[in-house]
Structure formats: C-alpha cells, structure tokens
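Subject: The structure, and the pockets in it

Hi there,

Here is the structure I said I would pass on. Please open it first, and then read my notes on its pockets and its ligand.

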Amino acid sequence: MESLVSSGIINSYFKKLNDSLSADAAVVGGGPSGLLAAAVIAEKGYSVNLYERNLAPGGGMWGGAMMFNKILIEENAASIAEESGMILTPGEKGNFVVDSVQGTAALINRACCSGVRVFNCIAVDDLTFDNNEEVNGVVINWSPVLRQKMMVDPLMTMAEAVLDATGHPAEIAARLACKNGVELSTATGGVAGERSLNVVLGERNTVEFTGEVYPGLFVSGMSACAVGGGYRMGPIFGGMLLSGSKVADLIIERIERKQL
Ligand code: 48F
C-alpha cells in the first residue's frame, strides 16, 4: 500500500510536468489577476501552466486589508466575481464586499476546474528567447532551491505567451529589461515603477497598463501597474479581475495568431 501511495503521486505529477513542457500560455504568479487570466484562457480550450512560488496560490488576496479578511469589488467587476464563484454582499455606493478567504478559494477553484496546470512551490527565475526577438518560455526551479541559493540548474518550459502576474515587484518584466537591455513598450521603455496610493486612478491604471510589453510577454494586475507607472490602489480588487480578463483576451488573440 505504501508504495502504491507514492507511485500514485509520482506517476500523476510527472505526467502533469511532462505534459506541461510546451503550453499555449505560462502564467507567472497565482494572485487574483493571474488566476483569473489562467482560468479564462483554459476555459477557451488552451493549455495553461501557472507557476506560484508559494505553497498556496492566492497572492495578496487572502489577507484582505491589514489582515481584516474582507475585500471590496466594484460594480463593473461584479459579474466576473460572481462567475468565478465569489459570494458578493452589497456594500455602499454599488460596491460589493467579499470574504477574502472565500473569494480567493473560489478563484483557485475556477482555475483548477478549468484545467489550468497549477505548479505551486515552483518559481519562474528567468525567460527564454527566440532569437532575442520574442519571449517563448520560462525558466523554472523549486522555490526552496532559490530561497536557499543552492547551485542547482533550472528546467525550461515553452509557451506562446508568458504572463507576468507577479504583483508589485513585476519581477519577470524587470528581469527581461535588466538582463537583456531590451525596450519594453512603456512610456519609459523600462519598468516605470509603482506610484503611491490612489484608489480610483490605481484601479483605472491597472486595467489601462495591462497588455503585451514585449513580444510574447504580457503583464497584468499590480505588475501592469508597476510596469506602466500607475498608482497602487489598496484592498479593492475589481481592477485585478478586469485586468485578468483583459489580458486573457489579448493572450488568446496571440495564441490564435501564432497557431494560424
Ligand atoms: O500580488 P498578487 O496578489 O498579484 P496581483 O494579481 O494582485 C495584487 C493584489 O493581490 C494586491 C493589490 C490589490 O489591490 O494591490 O496586492 O497583481 O500575487 C502575485 C503572486 O505571484 C507570486 C507571488 O508569490 C504571489 O502569489 N510570484 C511572484 N513572483 C513569482 C511568483 C515568481 N518569480 N515565480 C512564481 N510566482
């Protein structure tokens, strides 16, 4: 029995890993924008790998604000939240309140049920290039290996589109720009950096700056805000869902173009 338990886990995990070596999309970061984008792309029938360096996906959503585990969703994102299985309670001025634990669990569930291959405890450490012209994959390693700074080489998985949904640090876009000296399609040509807090502008900027910043590399959520130089917005999450939905459509367009 003991060896059956082990072989059941090993065989199914390695099948998932092997199947993931070439995917339509690779999503880096399992916060709200990355989870929603991954789910929407997978629901269209495309293969999606999602890498989350922590044990649990969900990013900055579990803790609400200052660990008061409630979040706000604006009216224009309520339908996406509901479609994702979140339980919305009417709040003030057309906004809704969601229990952050229930809302995060619902987004993770939507991604898993739509067929996204979720790899937790795995971090994206770098990108792969096709002739230095476009991003076409990710370089991955176990998070504990990277945290311990062990000298262990990574593996690579290929994708038609890579999404940097790493939140405030915009790690992947920053790495691309700084390691390769390439220009991103932003006002500064690089990662402009996040501005201080303004709820209304922050929510707007997050969606505005969501897009393809280099051929094959897209940004969403706080990463889009940081790359484009937008304001942070605090514990209001409609922008994250709208950003995830917008980037999913853009990525689907690219996948369909590449597969013609
Ligand atoms: O920060 P995060 O929740 O991303 P988001 O979708 O949402 C932002 C909000 O949660 C909040 C906010 C709303 O008003 O401001 O901050 O932009 O989640 C980012 C996820 O990416 C993971 C990280 O652990 C987190 O779960 N992550 C970051 N870098 C890497 C990564 C990496 N290199 N490889 C894998 N995962």
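Helices (H or I, at least four residues) and strands (E, at least two) are DSSP runs, numbered from the N terminus. This is a predicted model: local features need pLDDT of at least 70, side-chain atom pairs count only at pLDDT 80 or more, and totals for chains, interfaces and linings use all residues. Residues are numbered from 1 along each chain as its sequence is written, and side-chain values use heavy atoms, with hydrogens and water left out.

**The pockets**

On a 1 Å grid over the protein atoms alone, a pocket is an open set of points where a 1.4 Å probe fits, with protein on both sides within 12 Å along at least five of seven lines; lining residues have an atom within 4 Å of a point. Grid points are joined across faces, edges and corners, and a volume is the space filled by probe spheres set on the points.

The largest pocket has a volume of about 650 Å³. Its lining has 33 residues, and G59, G60, T166, G167 and H168 lie nearest the centre. At least two lining residues come from each of α2 (32-43), β2 (48-52), β7 (122-130) and α8 (221-228), and β7 gives the most, with three.

The second largest pocket holds about 180 Å³ of space. Among the residues that line it are E74, E75, N76, R204 and L242. Here α7 (199-208) and α9 (238-258) give two or more residues, and α7 gives the most, with five. By class, this lining has five nonpolar, two polar and four charged residues (Ala, Val, Leu, Ile, Met, Phe, Trp, Tyr, Cys and Pro count as nonpolar, Asp, Glu, Lys and Arg as charged, and the others, Gly among them, as polar).

**The ligand**

Where does the ligand sit? It sits in the largest pocket, as more than half of its atoms lie within 2 Å of the pocket's grid points. Around the ligand are 28 residues, of which S33, E52, G60, M222 and G234 come nearest (a residue counts if one of its heavy atoms lies within 4 Å).

Look next at the polar contacts, pairs of N or O atoms within 3.5 Å. A nitrogen atom of the ligand lies 2.9 Å from a backbone N or O atom of V124. For an oxygen atom of the ligand, a backbone N or O atom of M222 is 2.8 Å away.

Enjoy exploring!

Definitions and conventions:
A polar contact is a pair of N or O atoms within 3.5 Å; within protein, one must be able to donate a hydrogen and the other to accept it, and residues adjacent in sequence count only if both atoms are side-chain atoms.
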